[in-house]
Amino acid sequence: MSSYFDDLETRSAADRASALAGALPEQVARAQALPGYAELLSGVDAASITSREALAALPVLRKSELGAAQKRAAPFGGFTTRPAAGFAHVFQSPGPIYEPGGAEHDWWRLGRFLHAAGIGAGDIVQNCFGYHLTPAGMIFESGARAVGAAVLPAGTGQTELQVQAAADIGVTAYAGTPDYLKVILDKAEAMGVQLAITKAAVSGGALFPSLREFYAERGIACLQCYATADLGLIAYETPSMEGMIVDERVIVEIVTPGTGDPVAEGEVGEVVVTTLNPDYPLIRFATGDMSAVLPGLSPCGRSNMRIKGWMGRADQTTKIKGMFVRPEQVAALVARHAEIGRARVVASREGEMDVMTVRIETSGQGEAPDAGAFEASVAELLKLKGKVELVAPGGLPRDGVVIEDARSYE
């Protein structure tokens, strides 16, 4: 297998800037023709947007604005160049936010990452991302097809069957959240089953150093990528594991949160992404994630910008078990129950697994409720099962935090 997915990965800075100068005006003009951008890009001379510096003068599009637009003009808010029926898939992510999906070759561009992870023809990928409503399963399946690998569309759950299938089929690679592979490996060990998995391509959560080491000790090379349902692949690790290399079909900026102004190289800021996808031309889309540019070139020979990877959230929205939990979901939980005065979601780790604890401050009105009285609402509104812990009135800090990430990323 070639070291690189294509020649784009080793372009010179001048060649990449030249390509950008041709692609950006077309993409901005394409966006301007859409009703979703009627106000945001009003008066912009698309032909003048030929560089990263010119791009930085355009307004930022935030997910909250996208969600509001989708409520006015379902399902995509006027930000796509095709109607919903013109796409192969329509997905629903928590919020809800609706995303389109194409069946064209590697529509989300995950093939570039899977190739870097050593996955290709002859591999069988156990794809443990979800296939229902949310797009991660299809995103990774599309990438596997692009590199010629076969796919076992496994999803999550039924761990014994996952182990049996992996052994019977001869699965060689895993795709899924970072911690679910450990669940499969632990179950296989308990069953006395030897698996042939030697490669893992993960996303949807933090790959903690201790977990990566756990896999390495078992002969599994585990790499992670940064991708979203809206944008597809943003950046990815290579075996050199020095930061994440930006994908060739997006422009990444690191900006001061809330302003859209680019920060100095090396400073931490919010990740803003412009995609060159002609079907869904998102311009300066704010991800809410924090990162920083890593100076210099990767030892692997790929020449595009590198970022340090995920460094927290610009807002309190937090990814737990591969799913985003948003402040508005916590607010909905409080609003549903008169007995709840305040609520705080805490993300932590136990045994290399994400754990969600919902700390609920009861108002003290009427008979004291049992924690179990809120479990169904937590699962329904936050889209995840979690521990429920009751605290007395005044027991939660008055610091404005409703989602606390207590996980260590050292």
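This is a predicted model: local features need pLDDT of at least 70, side-chain atom pairs count only at pLDDT 80 or more; totals for chains, interfaces and linings use all residues.
The domain assignment places domain 1 at residues 13–313. Domain 2 covers residues 318–405. Domain 1 brings 13 residues to the contact, and domain 2 brings 15 residues.

The extent of this contact can be expressed as an area. The size of an interface is often given as the accessible area lost when the parts come together. Between domain 1 and domain 2, about 1200 Å² is buried. Carbon and sulfur atoms give 58% of that area.

Polar and charged links also join the two domains. Three residue pairs are in polar contact between domain 1 and domain 2, with both residues of each pair at pLDDT 80 or more. One salt bridge is counted between the domains. The side chains of D179 and R349 form a salt bridge, with an N to O distance of 3.6 Å. On the side of domain 1 that touches domain 2, helices α7 (180–191) and α8 (209–217) each supply at least two residues. The residues on this side of domain 1 comprise five nonpolar, four polar and four charged.

The strands were examined next. Strands of a sheet pair through backbone hydrogen bonds, either parallel or antiparallel. Strand β12 spans residues 269–275, and strand β13 spans residues 285–291. These two strands, β12 and β13, run antiparallel to each other and pair over four bridges. Within this part of the sheet, V273 has F285 of β13 as its bridge partner.

Salt bridges were also counted over the whole model. The structure holds 27 salt bridges. One of them links E9 and R112, whose closest N and O atoms are 2.8 Å apart. E9 lies in the segment before α1 (13–32), whereas R112 belongs to helix α4 (residues 111–116). The pair therefore ties together parts that are 103 residues apart in sequence.

Methods
Residues are numbered from 1 along each chain as its sequence is written. Side-chain values use heavy atoms; hydrogens and water are left out. Domain bounds come from an automatic or database domain assignment. Contact means heavy atoms within 4.5 Å. Buried area is the accessible area (1.4 Å probe) that two parts lose on being put together, summed over both. A salt bridge is a side-chain nitrogen of Lys or Arg within 4 Å of a carboxyl oxygen of Asp or Glu. A polar contact is a pair of N or O atoms within 3.5 Å; within protein, one must be able to donate a hydrogen and the other to accept it, and residues adjacent in sequence count only if both atoms are side-chain atoms. Ala, Val, Leu, Ile, Met, Phe, Trp, Tyr, Cys and Pro count as nonpolar, Asp, Glu, Lys and Arg as charged, and the others, Gly among them, as polar. Two strands pair if DSSP finds at least two bridges between them.
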